[in-house]
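Welcome! Have a look at the structure below, and then we will walk through some of its features together.

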Amino acid sequence: MCSLKLNFSYEESVGDSTLISFYIKVNFKDKDMQKIVDVDGLFSVINKQGFLPLFTCDCGNFSCGGYYIKVIHLEDGILFDNSYKPVNEPDETQLIETFEYKLSWIDLYNIASAVYAQINLINNKYPGFNICSGAYSDIVLKNIDEYQRLLKEFKDKCG
Ligand SMILES: [Zn+2]
């Protein structure tokens, strides 16, 4: 069973009349993670390692309250290691909190699928609107085709 739970919510953005603010809260092994998932960051884990901006502020501004997580690829999944401050060039000295969470490739595929499905659901409900991570940012819908492509890469990893 996957140790990570997703909680989706969305609303019309206060910052723009054709924008939907999309919020993804995460609970990891009964611990509520601070702030919300950066959708670009989430999909980037398939191809990237190191300090990745996986969580952004609820307002949509990473440097406001977002943070990096150190991502390490393993044979059978990904290790999410510690959180780090949202500075321009993160390193070990910027540590916020120590933890270690592992997800299998199947868990990761299921998570990415759920997020992708939710973006499509919002997209269908609000035709002509854009969607962003947090109250106001430029993070989400411009990349929907890329997310679809990356979703296939997650699936390929499951073997
Ligand atoms: Zn903020």
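Let's begin with lysine 155, which is partly exposed because 15 other C-beta atoms lie within 10 Å. A residue is called buried if 20 or more other C-beta atoms lie within 10 Å of its own, exposed if 12 or fewer, and partly exposed in between, with C-beta atoms placed from the backbone. Please keep in mind that this is a predicted model, in which local features need pLDDT of at least 70, side-chain atom pairs count only at pLDDT 80 or more, and totals for chains, interfaces and linings use all residues. Residues are numbered from 1 along each chain as its sequence is written.

**Around lysine 155**
- Lysine 155 sits in helix H4 (residues 144–157); helices (H or I, at least four residues) and strands (E, at least two) are DSSP runs, numbered from the N terminus.
- Lysine 155 and asparagine 110 are separated by 45 residues in sequence, while their C-alpha atoms are 8.8 Å apart in space.

**The largest nonpolar core**
- A nonpolar core is a set of buried Ala, Val, Leu, Ile, Met, Phe, Trp, Tyr and Cys residues joined through C-beta atoms within 7 Å.
- The largest one has 36 residues, and those touching the most other members include Val37, Val39 and Leu108.
- Among the elements that each supply at least two residues of this core are strand S2 (19–28), helix H1 (39–44) and helix H3 (105–125).
- H3 gives the largest share of this core, seven residues.
- Leaving aside neighbours within four places in sequence, valine 39 is in contact (C-beta atoms, placed from the backbone, within 7 Å) with Val115, Ser133, Ile139 and Val140.

**Strand S5 and its partners**
- Five of the seven residues in S5 are buried, so this strand is mostly covered.
- S5 pairs with S4 in the antiparallel sense over two bridges; two strands pair if DSSP finds at least two bridges between them.
- Valine 37 has phenylalanine 55 in S5 as its bridge partner.
- S5 also pairs with S6 in the antiparallel sense, over four bridges, and here phenylalanine 51 stands opposite lysine 70 in S6.

**Two positive phi angles**
- Lysine 35 has a phi near 65°, a positive value in a residue other than glycine.
- Lysine 35 is found in the loop between strand S3 (31–32) and strand S4 (36–37), and is buried because 23 other C-beta atoms lie within 10 Å.
- Asparagine 82, in strand S7 (residues 77–84), has a positive phi near 60°.
- Is asparagine 82 buried or partly exposed? Asparagine 82 counts as partly exposed, because 17 C-beta neighbours lie inside 10 Å.

Definitions and conventions
Contact = placed C-beta atoms within 7 Å.
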